[in-house]
Amino acid sequence: RYASGKTLVLEIKGQDSPQDQAKRAALDQWVKAVNAHGGFGTWAWDVVVGDAAGMRDVVDSHASKQ
């Protein structure tokens, strides 16, 4: 959770599979619904596939979009 109150759901995967992609499609729908409701703050999601070293870039990217 960022200081602004935004919550980021971050998934780190070694490989990406069709099942993982389907799960993220469901997560995308959930995040859109929660944000449309408006009573639970602002939510976002992202995924880092492969090298977890890219995680900092993803976290920083979402922090700047608050």
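A word on the model itself. It is predicted, with local features needing pLDDT of at least 70 and side-chain atom pairs counting only at pLDDT 80 or more, while totals for chains, interfaces and linings use all residues. Residues are numbered from 1 along each chain as its sequence is written, and side-chain values use heavy atoms, with hydrogens and water left out.

Taken as a whole, the chain has 2 helices and 2 strands, running β-α-β-α from the N terminus on. Helices here are DSSP runs of H or I with at least four residues, and strands are runs of E with at least two, both numbered from the N terminus. The C-alpha atoms fill a box of roughly 35 × 25 × 15 Å along the principal axes. Of the 66 residues, 21% count as buried. Contact is taken as heavy atoms within 4.5 Å, and among contacts between residues at least 6 apart in sequence, 62% join residues at least 24 apart.

As for charge, there are 8 positive and 8 negative side chains, the centres of the two sets lying 6 Å apart. Lys and Arg count as positive and Asp and Glu as negative, leaving out His and the chain ends; each charge is placed at NZ of Lys, CZ of Arg, CG of Asp or CD of Glu.

Then there are the aromatics. Rings of Phe, Tyr and Trp (its six-membered ring) pair if their centres lie within 6.5 Å, and planes under 30 degrees apart are stacked, over 60 edge-to-face and the rest tilted. The count comes to 1 aromatic pair. The rings of Trp 30 and Trp 43 have centres 5.2 Å apart and planes at 90°, so this pair is edge-to-face. It links distant parts of the chain, 13 residues apart, with Trp 30 in helix α1 (residues 18–37) and Trp 43 in strand β2 (residues 43–49). Trp 30 is partly exposed, at 41% relative accessibility.

Val 34, found in helix α1, is buried at 9% relative accessibility and touches Phe 40 and Trp 43, not counting residues up to four places away in sequence. Val 34 and Gly 50, by contrast, are 16 residues apart in sequence and 28 Å apart in space, C-alpha to C-alpha. Over in strand β1 is Thr 7, buried with a relative accessible area of 9%. Leaving aside neighbours within four places in sequence, Thr 7 is in contact with Arg 1, Thr 42, Trp 43 and Ala 44.

Conventions:
Buried means under 20% relative accessible area, exposed over 50%, partly exposed in between (1.4 Å probe, protein chains only).
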